[in-house]
Amino acid sequence: MSLYFVFWSNLYSDHEYAGPITFRSSALSTFTLGVSLGYFLSDLAMIIWFYPFLGGMEYVLHHLLSVAGIANPMLTGEGQVYTFMVLISESTTPGINLRWYLDTAGMKRSRAYLINGVVMFVAWLVARILLFMYLFYHIYLHYDQVKQVNSLGQLLISIVPLVLSVMNLMWFGKIIKGLMKTLAKRH
C-alpha cells in the first residue's frame, strides 16, 4: 500500500490537487496507517516479551519511533506521505525473517541462504538507503509545507527518518559484512 500511495496514487501528486501535500489523506490512507500501527505494536510486544531473543534495544527504538511516526499522521492526517515513504522500507522485513528461519534451521551454507542474502542486500540498498535519500530530498523540496504541519508532526518528520536512516546504515554495514563472509566461505 505504501508503494501505491507514494508512487502510483494521485493523492500525493504535486500536479493533481491544490494545497499542501503534507495535509492530504484519505479514508484508505488512514486505514492503512492503522493496520501498520497495529503491526508495529504487536511486533514491539513480541520483542519486549521475548527480549532480547528477538532483538536488542535497537529493535525496541526502531519500533517506538515507528509507532510515534505512524500514530501522529494517522490521527491528524498530516504528513502521511512521509510516513508511507518510510514504511516502504519495511518491504525488506520478509528477507530478514527468512534469513532468521534459514539460520535457525541450520541452512547457513545453503543456496537459499546465499540468494536471500544477495536479495536482502539489493532490497536494503533500494528501500532503506536510496529511498531515504529521496525522502530527504522530497522534504527539502516541500519544506515550506512541512513547516505548516503541527509541531509534533514537524518533529517526527525531522527526527524519525534521520534516526532510522542512521540505524539503516549501521544494519546495512552488517548486511555487507555478512554477505562478504558468506561469499568468502563459498570460494
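Guide: Pro-52 has its place in the loop between α2 and α3, where helices (H or I, at least four residues) and strands (E, at least two) are DSSP runs numbered from the N terminus. This is a predicted model, in which local features need pLDDT of at least 70 and side-chain atom pairs count only at pLDDT 80 or more, while totals for chains, interfaces and linings use all residues. Residues are numbered from 1 along each chain as its sequence is written, and side-chain values use heavy atoms, with hydrogens and water left out.

Visitor: Which kind of peptide bond joins Tyr-51 and Pro-52?

Guide: The omega angle of the bond between Tyr-51 and Pro-52 is about 0°. The bond that joins Tyr-51 and Pro-52 is cis.

Visitor: How are α3 and α8 oriented relative to each other, parallel or antiparallel?

Guide: Two packed helices are described by the angle between their axes and the distance between the axes. Here the axes are lines fitted to C-alpha atoms, for helices over the stretch in contact, and angles run from 0 to 180 degrees between N-to-C directions. Helix α3 (residues 57-76) and helix α8 (residues 151-186) pack with their axes 10 Å apart, at an angle of about 150°. With angles under 35 degrees counted as roughly parallel, over 145 as roughly antiparallel, 65 to 115 as roughly perpendicular and the rest as oblique, α3 and α8 are therefore roughly antiparallel.

Visitor: How many nonpolar residues does the contact of α3 with α8 have?

Guide: Contact means heavy atoms within 4.5 Å, and on the α3 side the residues include Leu-61, Leu-65 and Ala-68, which meet a set in α8 that includes Leu-156, Val-160 and Trp-171. Ala, Val, Leu, Ile, Met, Phe, Trp, Tyr, Cys and Pro count as nonpolar, Asp, Glu, Lys and Arg as charged, and the others, Gly among them, as polar. By these classes the contact has 1 charged and 4 polar residues, and its nonpolar residues number 10.

Visitor: Which residues of α4 make the contact with α3?

Guide: The axes of α3 and helix α4 (residues 80-87) cross at roughly 145° and come within 9 Å. From α3, the contact is made by Gly-69, Ile-70, Pro-73 and Met-74, and from α4 by Gln-80, Thr-83 and Leu-87.

Visitor: What are the buried residues of α5?

Guide: Helix α5 (residues 93-104) has 12 residues and spans 17 Å from its first C-alpha to its last, close to the 16 Å expected at 1.5 Å a residue, the expected span being 1.5 Å times one less than the number of residues. Buried means under 20% relative accessible area, exposed over 50% and partly exposed in between (1.4 Å probe, protein chains only). What covers the buried residues of α5 includes α2 (27-49) and α6 (111-141), and those buried residues are Thr-93, Gly-95 and Leu-102.

Visitor: Which residues is Thr-182 in contact with, leaving aside its neighbours within four places in sequence?

Guide: Thr-182 lies in helix α8, and because its relative accessibility is 14%, Thr-182 counts as buried. Leaving aside neighbours within four places in sequence, the contacts of Thr-182 are Tyr-113 and Leu-114.

Visitor: Is His-187 buried or exposed?

Guide: The place of His-187 is in the segment after α8, and its C-alpha is separated by 48 Å from that of Tyr-12, 175 residues apart along the chain. At 85% relative accessibility, His-187 counts as exposed.
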